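Student: I am new to this structure, and I would like to go through the words used to describe it. Could we set each word against its cut-off before we accept it?

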Amino acid sequence: MTDRSESPIEADFYCALNDASKGRVVWVDTPDFWAIRALARRDEGRKHIYASAQVPVGRYRADFLLGAYYSPMYPKLVCVECDGYEFHGTPEAIARDAERDRALNLMGVETIRFRGATIHRDQWRCAHRAIEAVSGEDRNPPYESAQSRMVAAERLARQMHNDDAGDRE
């Protein structure tokens, strides 16, 4: 684990985010919602993604808070939650997480949740998804997972089958 994480899945996400961002992530040492918001508002060049871990946001605490320039008045803020099954797998926890997401949304913070198994299986795709959400850019990862290649191959096979059926008519 790192000094910016409280669990192995958070440590995995932290490392993947640093690698995937290609130096764009600027870690803010003070976990402060308002500092990240202010930094993101001023970055009109849209060069950086400001981030901090274990950030108090209202009455909640975000595993990671990411901020990027969106407009002078409204920076884009994304809370990334790394949900392990032990603490987030029960129906009560799922309901509690949904309520928390609604409250953060009212504060102008989008929430993205990644299950621990998803992070362990494909931490790089999770990091790219978070970067895409906060920056608004389509930042395709440099590779595709085996599952997405399989889905694309099935889609292509169906399309070719449909094209062949249309040619016979």
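Student: Why is Lys76 called partly exposed?

Tutor: In this predicted model, the relative accessible area of Lys76 is 26%; buried would require under 20% and exposed over 50%, so Lys76 falls in between and is called partly exposed. The value for Glu110 is also 26%, so Glu110 is partly exposed by the same cut-offs.

Student: What makes Glu110 and Lys76 a salt bridge?

Tutor: The closest N and O atoms of Glu110 and Lys76 are 2.9 Å apart, and a salt bridge needs a side-chain nitrogen of Lys or Arg within 4 Å of a carboxyl oxygen of Asp or Glu, so the pair qualifies.

Student: How many salt bridges does the structure hold?

Tutor: The structure holds six salt bridges. Another one of them joins Arg102 to Glu99, with the closest N and O atoms 3.0 Å apart, which is again within the 4 Å limit.

Student: Why are Arg102 and Glu99 said to be separated by about one helical turn?

Tutor: They are three residues apart in helix H4 (residues 91–106), and therefore about one helical turn separates them. Arg102, with a relative accessible area of 47%, is partly exposed, and Glu99, at 37%, counts as partly exposed too.

Student: What does the salt bridge between Asp101 and Arg113 tie together?

Tutor: The closest N and O atoms of Asp101 and Arg113 are 2.9 Å apart, and since Asp101 lies in helix H4 and Arg113 in strand S5, the pair ties together parts that are 12 residues apart in sequence. Asp101 has a relative accessibility of 22% and Arg113 has a relative accessible area of 25%; because buried means under 20%, both count as partly exposed. Through salt bridges that share partners, Asp97, Asp101 and Arg113 are joined into one network.

Student: How do you know that Ser52 is buried?

Tutor: The relative accessibility of Ser52 is 1%, and the cut-off for buried is under 20%, so Ser52 counts as buried. Ser52 lies in strand S2 (residues 49–57), and its side chain reaches the backbone oxygen of Val28 at 3.1 Å. If its neighbours within four places in sequence are left aside, Ser52 is in contact with several residues, including Trp27, Val28, Ile36 and Phe64.

Student: What makes S2 largely enclosed by the rest of the structure?

Tutor: Eight of the nine residues of S2 are buried, and therefore the strand is described as largely enclosed.

Student: Which residues have the most contacts inside the largest nonpolar core?

Tutor: That core has 26 residues, and those with the most contacts inside it are Phe13, Leu17, Trp27, Phe64, Leu66, Val80 and Phe114. Several elements each supply at least two residues of this core, among them helix H1 (8–20), strand S3 (60–68) and helix H5 (116–135), and the largest share, seven residues, comes from H5. In soluble globular proteins, nonpolar side chains tend to be buried together. Val80, with neighbours within four places in sequence left aside, is in contact with Phe13, Asp63, Phe64, Leu66, Ile112, Phe114 and Ala130. Apart from this core lies another, of 15 residues, among them Val28, Val57, Tyr60 and Leu104.

Student: Where does pLDDT stay under 50?

Tutor: It stays under 50 over residues 138–144, and because pLDDT is the predictor's confidence in each residue, from 0 to 100, the 16 contacts that the model has there beyond four places in sequence call for careful reading. For the protein, the mean pLDDT is 80, and 77% of its residues reach 70 or more.

How values were computed
Residues numbered from 1 in each chain as written. Heavy atoms only, no water. Helix = DSSP H or I, 4+ residues; strand = E, 2+ residues; numbered from the N terminus. Buried < 20%, exposed > 50% of the residue type's maximum accessible area, 1.4 Å probe, protein only. Polar contact = N/O pair within 3.5 Å; in protein donor to acceptor, adjacent residues only side chain to side chain. Contact = heavy atoms within 4.5 Å. Core = buried A, V, L, I, M, F, W, Y, C linked by side-chain atoms within 4.5 Å.
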